[in-house]
Amino acid sequence: MRIGRVAALVVAMVAGMLGVVAPSASAATVWTWQSGWDSGCLDHNSTDGVHTRTCNGGDWQKWEVTSYPDGTKRFMNVATKMCLDNSEYGVRGWGCNDGAWQRWRMGNWGGGKYELVSQWNNLCLDNSVYGVRTVGCNGLSYQMWS
């Protein structure tokens with residue numbers, strides 16, 4: 001019986017050490033992102049991809065937020081279960097994989113306004129007549145999200 005307790009303690013200590021060594025993610029909450037440019041909400045569906053649309057409270061406009069120890073965040077669409085991805089293929093919804101393409105830093109502009117900066121290429125999530133894409137960060141309303 002004493003050996004069983006010691007073994008359980010060793011397993012718990014090893015698991016705790018592994019948790020410190022391996023980065024872990026935690027799902028925090030569900031957010032909706034509203035564009036400062038057109039007041040549309042960030043939306044994803046299989047027909048139109050990632051875009052903005054008039055805010056309607058639907059699951060296509062809700063993003064489950066996963067926070068990482070390095071301060072980055074991942075956004076998974078509640079309806080499609082795809083993550084906001086930025087790669088050489090542009091901004092899109094893609095299967096969640098925890099890569100740099102799906103990790104975003106949030107720059108706080110105050111007043112509940114944020115810029116979303118891609119960890120992959122350090123460009124900002126931008127919404128304009130050209131659609132949702134990433135371009136150099138510039139602090140304009142195209143890149144303000146609340």
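A salt bridge, for these notes, is a side-chain nitrogen of Lys or Arg within 4 Å of a carboxyl oxygen of Asp or Glu. With that cut-off I looked up D85 and R92, and their side chains do meet in a salt bridge, 3.4 Å from N to O. I then checked cover for D85: it is buried, at 2% relative accessible area. Buried here is under 20% relative accessible area, exposed is over 50%, and partly exposed is in between (1.4 Å probe, protein chains only).

**Ground rules.** I am working on a predicted model, where local features need pLDDT of at least 70, side-chain atom pairs count only at pLDDT 80 or more, and totals for chains, interfaces and linings use all residues. Residues are numbered from 1 along each chain as its sequence is written, and side-chain values use heavy atoms, with hydrogens and water left out.

**Overall layout.** I went through the secondary structure and got 1 helix and 11 strands. These are DSSP runs numbered from the N terminus: helices are H or I with at least four residues, strands are E with at least two. Along the sequence the order is α-β-β-β-β-β-β-β-β-β-β-β. Of the 146 residues, 35% are buried. I also looked at contacts (heavy atoms within 4.5 Å). Taking those between residues at least 6 apart in sequence, 40% join residues at least 24 apart. The accessible surface comes to about 8200 Å², and carbon and sulfur atoms hold 59% of it. That area is from the Shrake-Rupley method with a 1.4 Å probe; for residues, only the protein chains shown count as cover.

**Core.** Next I looked for nonpolar cores, meaning sets of buried Ala, Val, Leu, Ile, Met, Phe, Trp, Tyr and Cys residues joined through side-chain atoms within 4.5 Å. The largest has 13 residues, and W33, L42, F75, L84, L116 and L125 have the most contacts inside it. Leaving out residues up to four places away in sequence, F75 touches W31, W33, W63, E64, V65, M82, C83, L84, W104 and L116.

**Aromatics.** Rings of Phe, Tyr and Trp (its six-membered ring) pair if their centres lie within 6.5 Å; planes under 30 degrees apart are stacked, over 60 edge-to-face, and the rest tilted. I get 5 aromatic pairs in the structure. One of them is W31 with W33, edge-to-face, at 5.5 Å centre to centre and 85° between the planes. W31 is partly exposed at 27% relative accessibility, whereas W33 is buried at 3%. W33 also pairs with Y114: the ring centres are 6.2 Å apart and the planes at 80°, so this pair is edge-to-face too. I traced where its two ends sit: W33 is in the loop between β1 (26-31) and β2 (41-45), Y114 is in strand β9 (residues 113-118), and 81 residues separate them. Y114 is partly exposed at 25%. W31, W33, F75 and Y114 form one aromatic cluster.

**Back to the charges.** I find 6 salt bridges in the whole structure. Opposite charges can pair when the charged atoms come close. Among the bridges is D48 with R53, at 2.8 Å from N to O. D48 is partly exposed at 41% relative accessibility, and R53 is partly exposed at 36%. Another is D70 with R103, whose closest N and O atoms are 3.2 Å apart. This pair links distant parts of the chain: D70 is in the loop between β4 (63-67) and β5 (73-77), R103 is in the loop between β7 (90-95) and β8 (104-110), and they are 33 residues apart. I have D70 as partly exposed at 46%, but R103 as buried at 13%.

**Surface patch.** For patches I took residues with over 30% relative accessible area and no salt bridge, joining like charges within 9 Å and nonpolar side chains (Val, Leu, Ile, Met, Phe, Trp, Tyr) within 5 Å. W37, V129, Y130, L140 and Y142 make a nonpolar one of about 560 Å². V129 is in the loop between β10 (124-128) and β11 (131-135), and it is exposed at 69% relative accessible area.

Most residues other than glycine have a negative phi. S39 is not a glycine, yet I read a positive phi of about 60° there. S39 is in the loop between β1 and β2 and is partly exposed at 44%. K81, also not a glycine, has a positive phi of about 60°. K81 is in the loop between β5 and β6 (82-87) and is partly exposed at 48%.
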